Amino acid sequence: MQIPGHIDPITTGTVPLRGGNRVDLVGLTREGIRGALEEAGLDAKAAKLRGKQIWHWIYHRGVTEFDAMTDIAKTMRPWLTERFIVGRPTVVTAQVSNDGTRKWLLAAADGQEYEMVFIPDADRGTLCVSSQVGCTLNCRFCHTGTMRLVRNLSAGEIVGQVLLARDALGEWPKGTMASAPDADDEDDDAGHYTADGRMLTNIVMMGMGEPLYNFDEVKGALKIVMDGDGLALSKRRITLSTSGVVPMMARAGEEIGVNLAVSLHAVNKEVRDEIVPLNRKYGIEELLAACAAYPGANNARRITFEYVMLKDKNDSDADARELVRLLKQYKLPAKVNLIPFNPWPGAPYECSSPERVRAFSNRIFEAGISAPIRTPRGRDIMAACGQLKSAATKPTRAELDRIAEEKQAALG
Ligand code: SAH
Ligand code: SF4
């Protein structure tokens with residue numbers, strides 16, 4: 001299987017079936033679930049009804065056992081259990097940072113491992129979701145980019161991260177639908193279920209992988225996440241980050257419609273070619289033109305430009321001024337997110353000093369563009385931006401260089 005997208009740098013593995021011969025319903029569209037039920041022998045009318053009920057149980061209630069689906073006939077539940085599962089990724093390890101950030105190392109059915117991170121804040125809780133095992137790209141400051149093994153995650157494996165986070169945070173609505181009270185029965189709150197007061201409020205596609213090299217599965221997963229009868233997260237609370245896969249950006253805006261973040265990180269060709277090698281394929285001008293054309297971007301919904309602060313590499317006042325000039329030249333409704341570089345073993349860069357980061361931020365603010373400095377979260381458990389890496393091996397510098405060369409050659 002090739003990674004979909006304009007370029008296919010590295011061949012990916014196939015996505016295995018989970019649950020033995022049983023079909024995992026997680027990740028299927030509504031029609032997909034209905035179709036699977038029909039294929040298993042239900043008539044069209046029954047498949048439609050049962051499909052609707054099962055969807056609600058999976059995505060609104062977080063139920064994983066057909067036995068718990070109380071509005072489905074008791075006799076039918078074993079029939080479903082024999083044929084289907086409602087899967088979850090396996091949790092290999094779960095860690096909690098001293099700042100409350102949580103990281104999970106997850107395993108797919110074929111043993112491939114990937115990570116997800118939950119970042120709690122006072123006013124929100126953000127789940128950072130992975131789209132691939134590893135990344136075919138090799139941004140020089142990113143730990144994930146040093147991984148050789150890559151496969152796309154399926155829509156089920158992507159949405160599975162959100163379901164698992166809800167499990168772990170214990171925030172599926174309580175109670176049962178069967179005993180939900182009448183609206184006018186004020187005394188009865190016994191079986192009442194509610195979706196309010198959740199911790200998980202936002203999703204960022206900023207975990208392992210380049211989401212726009214796994215477009216169809218990411219799109220499928222986010223459609224499920226946004227579905228009103230289920231997880232029901234608004235597109236305004238979801239952000240997709242890309243390192244600049246220009247040919248897929250318009251489709252992302254039109255077909256998914258979530259907020260866009262772009263990993264810009266440098267303002268001239270020489271530096272961006274070095275630190276984000278995809279720049280050799282899609283240059284800064286092309287990238288910014290694609291941002292200017294991004295459907296749905298306006299002053300109320302700005303594009304976030306991520307900028308990692310690397311000491312003596314991209315952090316001068318002149319860089320800040322050039323960044324402002326570029327954003328204005330392309331008339332971009334922009335905000336800049338300054339990310340202090342998060343170190344990892346063998347990383348070839350250092351983080352800019354706090355004073356330098358502050359000065360850089362001030363130059364941008366002075367020009368009327370918001371440029372907050374992102375507080376590093378979860379560094380002690382290697383959960384911060386760019387620190388994710390699931391393979392346990394520690395390659396040498398020479399091996400890292402070789403991996404980078406291989407990936408670069410594959411880009412063409
Ligand atoms: N592949 C996508 C999304 C995942 S990375 C992308 O590159 O946009 C999420 C953000 O963390 C990106 O902006 C990425 O460039 C940044 N990042 C990667 N390594 C980092 C590091 N070591 N320190 C700080 N930010 C890093
Ligand atoms: Fe891949 Fe993003 Fe890391 Fe670059 S920064 S190597 S695109 S995960």
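Predicted model: local features only at pLDDT ≥ 70, side-chain atom pairs only at ≥ 80, totals over all residues.
1. Helix 1, spanning residues 30–39, packs against helix 2, spanning residues 44–59, at an angle of about 130 degrees, and their axes are 8 Å apart. Helix 1 is therefore oblique to helix 2. The crossing of these two helices is right-handed.

2. On the helix 1 side, the contact is formed by R30, I33, R34, L37 and E38, which meet A44, A47, K48, R50, G51, I54, W55 and I58 of helix 2. Sorted by class, this contact between helix 1 and helix 2 comprises 7 nonpolar, 1 polar and 5 charged residues.

3. In soluble globular proteins, nonpolar side chains tend to be buried together.

4. The surroundings of F141 may be examined individually. With neighbours within four places in sequence left aside, F141 is in contact with H265, I275, V276, V308, L310, F341, W344 and Y349.

5. S131 is located in the loop that lies between strand 6 (125–128) and strand 7 (132–133). When residues up to four places away in sequence are not counted, S131 touches N152, L153, I158, M205, M208, G209, E210, P211, N214 and V218.

Methods: Residues numbered from 1 in each chain as written. Chains lettered and ligands numbered in written order. Heavy atoms only, no water. Axes fitted to C-alpha atoms, helices over the stretch in contact; angles between N-to-C directions. Helix = DSSP H or I, 4+ residues; strand = E, 2+ residues; numbered from the N terminus. Parallel < 35°, antiparallel > 145°, perpendicular 65-115°, else oblique. Left-handed = near helix turned anticlockwise from the far one by under 90°. Contact = heavy atoms within 4.5 Å. Nonpolar A, V, L, I, M, F, W, Y, C, P; charged D, E, K, R; others polar.
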